[in-house]
Amino acid sequence: MKIAMAKQMHEIDTAAINQYGLPELSLMENAGHRVFEAALKILGNVDNKSICVLAGSGNNGGDALVTARFLFNRGAKVKVFLLGNKNHRTNSFNVQIKILREMGIEILQLETDRAWERLQVALKFTDAIIDGVLGTGFFGEIRPSALKLIRLANSAGKPIIAIDIPSGVASDTGAVSEVAMNAVCTVALGMPKPGHFICPGANYVGELIIDDIGIPGDLLNDDIHQTLIDDEIAKTLLPARAREVHKGSCGKILVIAGSRGMTGAACLASMAALKAGAGIVTLAVPESLNDLYEVKLTEVMTAPLPENKIGVIGGKEALQSLLKLAEKFDAVLIGSGLGRDSETLELVRNFVSTVDKTLILDADAIFAFNGKAEDLKKCKQIPILTPHLGELAALLNSSVDELRKSLIFNVKKVAQDYRAIIVAKSECTIVAYPNGEIFLSALGNSGMATAGSGDVLAGTIAGLMKQTPFAPLAGVYLHGTAGDFAALMKGEGLVASDILENLPQAIKKIRTLQS
């Protein structure tokens, strides 16, 4: 499913009207009816129920007015409250106002103290609220009158159905300056927007319903470079295995990970590669820790590396050993729990710039390039980086708050600037390719905010490298799905190994989708 930025959605609406001759009022009718259906689903029956419809002066408000008409026709007691400059109303909005007035529906403009008092009384006794105040055109700071309206609506404690996006949420970024409508349901018109998935905006969306409202299908797919990683795309990401495959053809993966005090990260990453379907996984570890890994891991082979300090790899001898070892493998994952000793970080940079293999850089391997991000361009092949937002901010000498101001744009820019595939881990994981393609995943849950979860993701992506050209996307889908399976049993008490154990079940889900 494609995801539209606000400007793109506006251009699509304009093209539907100007190129296809689809009347704006027709789109408004479709939108209003879909929101009406959502209200019916939530309330069960609207006959004789009180509904407050809140409308701004733009077409989002016009959609709300259409919703009011359908609710009224079904027997609801509807009160419409208008906010905004009368001179800014669109022609289609004015048409809808005229219809409601002819029908005798009560309409109040929120411009006097008396009108605001009547709103507060109406909110106290209403059964539901329709939010058509701001829409996707909003960004920046909320005007005081809209802020007041949103706070009153939220404090009423009644179900709010938002049109397109909850008022107060920035469509492109998910930013919320002060407050937003706390919806139980949001009806996205045409396509979903980034703000539906990126926090804090995502916290206000509730159930997300997506409806094309009759826009021609080719407009909804043409020149849109943001895609949601959902079940529909998932079934295309992992080809079925041929009957004659063997362990060598399923992928030989080298994992360079672990250090004293962080042995678990290496175990999680290497086992994730196996559970994602790789045929052979070898874990390269500091020499003094090798015996420990031999006990901890049964299916993963180990390769002891020279170390300059106990439990830490580094130095020319270790580098040469790794370069020679890597020749035998299809892909290399480096960084999980590797440590931040200066010699280790130097080894990482030298290895990454020299080896001619597909590389997945995680955790400490990303840290090695802090202040040296330009060196990523020395990679022989396009690397895959799997940072959480803190690691990505540090790589850019920025802050998480700065990243979040325009998260999609910033992640996209990093991928393009450093010719890398970026898997930016957050509540909405973003996968950015150097060609400008962006993929978002809303899979996963808050229980996955646990140590080692990222190691499992990096290992999953590595394990898929020989199986599919879409390993970063398939890895994100499998990881999030496995986390959701784990949460069904463990809730917020799940740990990284629970995600690991559910990877096979996630793969089975993809196979079920393909059947």
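Student: How many bridges join E1 to strand E2 (residues 77-82)?

Tutor: Strands are DSSP runs (E, at least two residues), as helices are (H or I, at least four), numbered from the N terminus; two strands pair if DSSP finds at least two bridges between them. Here E1 and E2 run parallel and are joined by six bridges, with Val-53 opposite Val-80 in E2. The model is predicted, with local features needing pLDDT of at least 70 and side-chain atom pairs pLDDT 80 or more, while totals for chains, interfaces and linings use all residues. Residues are numbered from 1 along each chain as its sequence is written, and side-chain values use heavy atoms, without hydrogens and water.

Student: Is strand E1 (residues 50-55) largely enclosed or open?

Tutor: Buried means under 20% relative accessible area, exposed over 50%, and partly exposed in between (1.4 Å probe, protein chains only). Six of the six residues of E1 are buried, so the strand is largely enclosed by the rest of the structure. Ser-50, Cys-52 and Leu-54 point one way, and Ile-51, Val-53 and Ala-55 the other. By contrast, Ile-99, in helix H4 (residues 91-103), is partly exposed at 30%.

Student: Which strands stand at the edges of the open sheet of ten strands?

Tutor: The order is E8-E19-E18-E17-E16-E15-E14-E9-E10-E11, with mixed pairing. Strands E8 (226-228) and E11 (301-305) are at the edges, each with a single partner strand, so one side of each lacks a neighbour in the sheet. Within the sheet, E9 (residues 252-256) and E14 (residues 331-334) pair in the parallel sense over four bridges, and Leu-254 stands opposite Val-332 in E14.
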